[in-house]
Amino acid sequence: MANEANNFAEIISHCKEYGYIFQSSELYDGLAAVYDYGQMGAQLKKNLRDAWWKSMTQLHENIVGIDAAIFMHPTVWKASGHVDNFSDPMIDNKDSNKRYRVDHLIEGFAEEQKAAGKEQLADEVLTQMDILIAASDYAGLKKLIEDNKIKCAISKTCNWTDVRDFNLMFSTKIGSVSEEADTIYLRPETAQGIFVNFLNVQKSGRMKIPFGIAQTGKAFRNEIVARQFIFRMREFEQMEMQFFIRPGTQMQWYNYWKGERKKWHEGIGIPAEKLRFHDHVKLAHYADAALDIEFEFPFGWKELEGIHSRTDYDLTQHATFSKKKIQYFDNDLNEEGKPYGNYPPYVVETSVGLDRLFLTILSLAYTNEKWTKEGGTPDGRVVLKIPAKLAPVKLAILPLLKKDGLPEIATALMNNCKQSFHCFYEEKDAIGKRYRRMDAVGTPFCVTIDHQTKEDNTVTIRYRDDMRQERIALSEVKGLVEKLIE
Ligand code: ATP
């Protein structure tokens, strides 16, 4: 059985055909870089979110979860530095008027050189780019683009503007805030909702350092180069956890979470060799160390999750701007024979994009299998090998025929199982066709009820990944599926 290489375009159209992801407002020709999750996609996304939420808030006794609002007081974004610093260097091509993120333009050029066998040139250009970005040397970046004759993909010319910064936050107006501050922003990250609630949670939950606050939710960025499907969207979902620690212990916790988060990704089924760390060269304004956990997407190695040592930057900034004291009173220091400490805690953040995680799971799962049947006829199937515990539907219940009392047995099984896990019932079409449809949506188990079921109370269970079939007792179905999805 040959397994064809994953094809990104095939994955995108498969997502649409089987109810995973649709272009937003497709009826009106779509809205760029915004996507809707369909009936299958919404459930897979929820399963991923639930897995993360459980691992953070249930399996760690010192991490609690909150759900802060998307709208926040405008000063939050002044304090956090987003109003002044949340921007990317961009460059416009004067002939096509197309705008590019400078790093993407140069990285694209480097990839072309690599593909053409010019590895050394590609590496040199990337190294130079990192140095120039780290120094915020925009004139140098423009020169690098011009010296290498990097062209616009549309106009094919090198007629570039200067490199400039563009803020990525969306703004809107709200009525209830005072006149001078009526512009509010859609949050570009969920983290600030955690920082401004630090004292509320710490006091009401009597939390002791070290402890974490986790949150999942929508974030919005006016990405200029929005491409690669749900990898880079203007509206997306983050799963973030801020871990509050004693100053001076940040590298210890940074390394701890680096290891923990990679283990977590492997635990949900991502092979270790498809993950790697990438240390940041240019640190964000709030960080004293930062790295990405990268995944090998169908279009190359890209960031899946960020781990940042954010120091006490955010809490100190909010204390300054709100003119309130945001500190932690560390009793334990006294017990250790040190003087009581009052300090703003340091923070290590883990931040993973839910949509990118979704794309990771889908690109690993999508498999186009082809084989030859006896007699030489070509055959094949497209199957989503989503890990059973994440799959949107766990069990398909399929009566062989629509008569002879088979639907009644199937319905009784459905009613028995649906309290415990997600089931799907179908009586239309030939059984082979129904199996293929379940393969395509990623349902790991199918159970067929046939005439033999009436005689001996057994059913056929079919396993998606290897198409193996076996006969088991009807009464065992629920327990077996429960065991297999654990
Ligand atoms: P990138 O360099 O790819 O733009 P980033 O470094 O700006 O990402 P962070 O600010 O660290 O990203 O955000 C944390 C996580 O949120 C990222 O690791 C990613 O998974 C997710 N994320 C960020 N921007 C987007 C986006 N536009 N669309 C989808 N997910 C995103």
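Ala33 sits in the loop between β2 (21-23) and β3 (35-37). Strands here are DSSP runs of E, at least two residues long, and helices are DSSP runs of H or I, at least four residues long, all numbered from the N terminus. Ala33 has a relative accessible area of 8%, so it counts as buried. Buried means under 20% relative accessible area, exposed means over 50%, and partly exposed is in between, with a 1.4 Å probe and protein chains only. Now compare Ala33 with Glu455: 422 residues apart in sequence, and 55 Å apart in space, C-alpha to C-alpha.

A word on what you are looking at: this is a predicted model, where local features need pLDDT of at least 70, side-chain atom pairs count only at pLDDT 80 or more, and totals for chains, interfaces and linings use all residues. Residues are numbered from 1 along each chain as its sequence is written, and side-chain values use heavy atoms, with hydrogens and water left out.

Next, Asp88. It is in strand β5 (residues 87-92). Buried or exposed? Asp88 is buried, because its relative accessible area is 13%. Which side chain does Asp88 join in a polar contact? That of Arg101, at 3.4 Å. A polar contact is a pair of N or O atoms within 3.5 Å; within protein, one must be able to donate a hydrogen and the other to accept it, and residues adjacent in sequence count only if both atoms are side-chain atoms. Leaving out residues up to four places away in sequence, Asp88 touches Arg101, Arg164, Asp165, Phe166 and Leu168. Contact means heavy atoms within 4.5 Å.

On to helix α6 (residues 119-134), which holds Ala122. Ala122 is at 0% relative accessibility, so it counts as buried. Gly108 is 14 residues from Ala122 along the chain, and their C-alpha atoms are separated by 9.8 Å.

Cysteines now. How many disulfides does the structure hold? Zero, where a disulfide is a pair of cysteine sulfur atoms within 2.5 Å. Cys152 is in none; its nearest cysteine sulfur, that of Cys158, is 9.6 Å away. Cys152 is buried, because its relative accessibility is 1%. Cys158, with a relative accessible area of 30%, is partly exposed.

Last stop, the ligand. It is surrounded by 16 residues, and the closest are Glu223, Arg232, Met233, Glu303 and Leu304. Near means that a heavy atom of the residue lies within 4 Å of the molecule. What does the shell contain? Four nonpolar, five polar and seven charged residues. Here Ala, Val, Leu, Ile, Met, Phe, Trp, Tyr, Cys and Pro count as nonpolar, Asp, Glu, Lys and Arg as charged, and the others, Gly among them, as polar.

Three strands, β11 (235-245), β14 (300-311) and β17 (346-353), each supply at least two shell residues. β14 gives the most, with five.

Now the atoms. A ligand nitrogen is 2.8 Å from a polar backbone atom of Met233. A ligand oxygen is 2.8 Å from a polar backbone atom of Leu304. For Gln238, an N or O atom in the side chain is 3.3 Å from an oxygen of the ligand. The protein covers 87% of the 590 Å² of accessible area that the ligand has on its own. That area comes from the Shrake-Rupley method with a 1.4 Å probe.
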